[in-house]
Amino acid sequence: KIDLSDRTYIIMGVANKRSIAWGIAESLSKAGARLIFTYAGERLEKNVRELAATLERKDALVLPCDVTNDEEIAAAFQQIKEEVGTIDGIAHCIAFANRDEIIGEYLNTTRDGFLLAQNISAYSLTAVAKAARPMLAEGASIITLTYLGGERVVKNYNVMGVAKASLDASVKYLANDLGKDGVRVNAISAGPIRTLAAKGIGGFNEVLKEMEEKAPLKRSVTQEEVGDAALFLMSPMSRGITGEILHVDGGYNTIG
Ligand code: 0WD
């Protein structure tokens, strides 16, 4: 059994109990970890506090951190440093694109929409890694969530696919920079899961249906399955792995 009871992890991107970030939180929590949650905007604070209160450990911290705001990132990590000192990992589960740009043709992407998707969904990982660097323990592990639409064309994923391609490349460059500190950086490429963010993507139900028909496992994956893969990547069990994109998608990406 993986025991993380002497470790502390930051979970970024819980919006509600369906969030993949919450699946990761539950898996890490079952392994005994202490958790720190960050949320974007006051509207989510109550949700995150209520969810955190359901965990067995009562020492979770809940802090604001809108990743488009450098001061908010700096303040969040300063507070984390003061309250816990060192951290053993970060789960970055954050993405955003304008709704009218994740349907139809990619060609219609606006400059502002392109930059917004890159800013929140890709650059934020780099900003967070930089802010966290001074407090990352030897052996710490950073993970992010990506999607197949960054590797190849997936209908309607559009500007978000381009942001995921940028995120995937960032994982490799960050892994190279932080490897000398003994810190690993990896991505989980999750199959489609019904969440708030997924609802915004055009034709999501068809994507899910195709996965259930075509994936080698003939079903979709769950937040719990992504959570357990995250637990592996966060634990010393995966100590030889960095710069990797691990597909937790029932094998769907292998089907032509
Ligand atoms: O099928 C899926 N659901 C998949 C999701 C398949 C493969 C990958 N992913 C990725 C997403 O692209 C994202 O990177 O998983 C990550 C988590 O997404 P989720 O769990 O599917 O969706 P959700 O529960 O909506 O969480 C995404 C959260 C935001 O939620 P809302 O609904 O409020 O947009 O990203 C956070 C926010 O909590 N977020 C931000 N956090 C900090 N600063 C910001 C921001 N500016 N914007 C959004």
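**Notebook: helices, sheet and ligand shell**

Helix 1 and helix 8 are oblique to each other. I started with this pair. The model is a predicted one, and I keep that in mind throughout.

**Entry: helix 1 with helix 8**

I looked up the angle first. Helix 1 and helix 8 (residues 223–234) pack at about 55 degrees. Their axes lie 7 Å apart. Angles under 35 degrees would count as roughly parallel, and 65 to 115 as roughly perpendicular. I then checked the hand of the crossing. Helix 1 passes helix 8 in a right-handed crossing.

Which residues of helix 1 meet helix 8? I noted Ile20, Trp22, Gly23, Ile24, Glu26, Ser27 and Leu28. On the side of helix 8 I found Gln223, Glu224, Val226, Gly227, Asp228, Ala230, Leu231 and Met234. I sorted the residues of this contact by class. There are 8 nonpolar, 4 polar and 3 charged.

The open sheet has 7 strands, and their order is 3-2-1-4-5-6-7. The pairing is parallel. Which strands sit at the edges? They are strand 3 (61–64) and strand 7 (245–248). Each of these pairs on one side only. On average it is 20 degrees, with direction ignored.

Strand 5 (residues 136–146) and strand 6 (residues 184–190) pair in the parallel sense. I count 6 bridges between them. Thr144 has its bridge partner in strand 6, and that partner is Ala187.

Then I asked what packs on the sheet. Helix 1 (residues 20–30) does, and among the strands it touches are strand 1 (8–12), strand 2 (34–39) and strand 4 (87–92). Helix 1 also touches strand 5 and strand 6. The direction of helix 1 makes about 165 degrees with that of strand 1. Helix 2 (residues 45–53) packs on the sheet too, touching strand 2 and strand 3. Its direction makes about 170 degrees with that of strand 2.

**Entry: helix 4 with helix 5**

I moved on to helix 4 (residues 111–132) and helix 5 (residues 158–178). They pack at an angle of about 20 degrees, with axes 9 Å apart. Helix 4 and helix 5 are therefore roughly parallel to each other. The crossing of this pair is right-handed.

The contact includes Gly113, Phe114 and Ala117 from helix 4. From helix 5 it includes Val159, Met160 and Ala163. By class I noted 11 nonpolar, 6 polar and no charged residues.

**Entry: helix 3 with helix 4**

Helix 4 also packs with helix 3 (residues 70–84), at about 35 degrees. Here the axes are 10 Å apart. This crossing is right-handed. Ile73, Ala74 and Phe77 in helix 3 meet Ala127, Val128, Ala131 and Ala132 in helix 4. What classes make up this contact? I found 7 nonpolar, no polar and no charged residues.

**Entry: around the ligand**

Last, I looked at the ligand. How many residues surround the ligand? I noted 24. The closest are Ser19, Ala40, Ala95, Thr195 and Ala197. Helix 1 and helix 6 (196–199) each supply at least two residues of the shell. Helix 6 gives the most, with 3 residues. By class, the shell has 19 nonpolar, 4 polar and 1 charged.

Methods:
Residues are numbered from 1 along each chain as its sequence is written. This is a predicted model: local features need pLDDT of at least 70, side-chain atom pairs count only at pLDDT 80 or more; totals for chains, interfaces and linings use all residues. Two strands pair if DSSP finds at least two bridges between them. Helices (H or I, at least four residues) and strands (E, at least two) are DSSP runs, numbered from the N terminus. Axes are lines fitted to C-alpha atoms, for helices over the stretch in contact, and angles run from 0 to 180 degrees between N-to-C directions. Two residues are in contact if their C-beta atoms, placed from the backbone, lie within 7 Å. A residue is near a molecule or strand if its C-beta atom, placed from the backbone, lies within 6 Å of it. Ala, Val, Leu, Ile, Met, Phe, Trp, Tyr, Cys and Pro count as nonpolar, Asp, Glu, Lys and Arg as charged, and the others, Gly among them, as polar. Angles under 35 degrees count as roughly parallel, over 145 as roughly antiparallel, 65 to 115 as roughly perpendicular and the rest as oblique. A crossing is left-handed if the near helix is turned anticlockwise from the far one by less than a right angle, and right-handed if clockwise.
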